[in-house]
Amino acid sequence: MTTTKIIIDTDPGQDDAVAILLALTSPEIEVLGITSVAGNVPLPLTTLNALKCCELAGRPDIPVYAGAAAPLVRPLITAEEVHGRTGLDGPDLPEPSMKLQDGHAVDFIIETLRREDPGTVTLCTLGPLTNIALAFSKAPDIKPRVKQIVAMGGGAFEGGNTTPVAEFNILVDPHAAQAVLQSGIPVVMMPLDVTHKCLTKRSRIQKYRDLNTRVGEAVALMLEYFERFDESKYGSDGGPLHDPTVIAWLLRPEIFGGRDINVEVETGSELTMGQTVADWWGVTDRPKNVHFVRDVDDDAFFDLLIERIGTL
Ligand code: BDR
Ligand code: CA
């Protein structure tokens, strides 16, 4: 089996945690390292949570690096109202005993891309794109070495989830997001248009509890905590499980549907800051820089998650 080499850049977050568990339980994927970024909660907490996720998956061997504590230009926005004070509220996970790696996440990304064969490393981004933009500006030579970027972020037809037009990951660091979209590297975007079709319904959460494992119970508690905010906001049975779609796309691209289009990020207007302006209908001649995913077989997505997390 040929494995896909990835770096996960993340701001855990309960949905980030499930994405990390999916990657670490998938033999088709080799996780070269996990880099943390400020987002859902400040950097010290996202870093701690990344370590906790590795230990929950029984993988203390995964190198974890701390990255940017603040966006490139704007002040940090966090989302404790969604994820809780720790960012990973729900289960009571133990303090990790594995150690954070020395060195900065941005340098790890640069060194890894320079060391690995060109075109073999995929960047999976589950949070604001600050670390990736910093790596590209510090070491532009790594850009052609990246195979692709698979990013959770943005939204078009669904609008935004943090402002009427902006999704959280893009709004936190719109300048980084725009730099990444203009980098010339192929980007697969998992926007709200697809993640809002992946609802953590009660019957789906029960399947984790029915695993009768420590990890299954932890995931059930995470998802129960995480969904309560979106359930009251959207009036839905369950909240959208955003970040695991990034890893699922690598494993089962056939369960998703999308289109190659141009996407640019608004960085000038305070009213529409962070909007992903998606040219779905091809009304401009701007370059097609993004594979914009809009459809998913949500049952197949949740079956994949339970199958893999059930191995722990
Ligand atoms: C994104 O924002 C965060 O709250 C989630 O972890 C996800 O990455 C959804 O807008
Ligand atoms: Ca996230």
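User: How many bridges join strand β5 to β6?

Analyst: Four, and β5 (residues 146-152) and β6 run parallel. Strands are DSSP E runs of at least two residues and helices are H or I runs of at least four, numbered from the N terminus. This is a predicted model: local features need pLDDT of at least 70, side-chain atom pairs count only at pLDDT 80 or more, and totals for chains, interfaces and linings use all residues. Residues are numbered from 1 along each chain as its sequence is written, chains are lettered from A and ligands numbered from 1 in the order in which they are written, and side-chain values use heavy atoms, leaving out hydrogens and water.

User: OK, which residue in β6 does Ile 149 stand opposite?

Analyst: Val 187. Val 187 also stands opposite Val 290 in β10.

User: How does β6 pair with β10, then?

Analyst: In the parallel sense, over three bridges, with β10 covering residues 290-296. Pairing takes at least two DSSP bridges between the strands.

User: Are the β6 side chains buried or exposed?

Analyst: Val 187 and Met 189 on one side are buried, and so are Val 188 and Met 190 on the other, which covers both faces of β6 (187-190). Buried is under 20% relative accessible area, exposed over 50%, partly exposed in between, with a 1.4 Å probe and protein chains only.

User: What order do the strands come in across the sheet?

Analyst: β3-β2-β1-β4-β5-β6-β10-β7, eight strands in an open sheet with mixed pairing. β3 (64-66) and β7 (256-261) are at the edges with a single partner strand each, so one side of each has no neighbour in the sheet. From one strand to the next, the twist averages 25°.

User: Switching to helices: how do α1 and α10 cross?

Analyst: The axes of α1 (14-24) and α10 (214-234) come within 9 Å and cross at roughly 150°. That makes α1 roughly antiparallel to α10, a label for angles over 145 degrees. Axes are lines fitted to C-alpha atoms, for helices over the stretch in contact, and angles run from 0 to 180 degrees between N-to-C directions.

User: Which α1 residues meet α10?

Analyst: Gln 14, Asp 15, Ala 17, Val 18 and Leu 21 do, and their partners in α10 include Val 215, Met 222 and Phe 226. Contact means heavy atoms within 4.5 Å.

Conventions:
Parallel < 35°, antiparallel > 145°, perpendicular 65-115°, else oblique.
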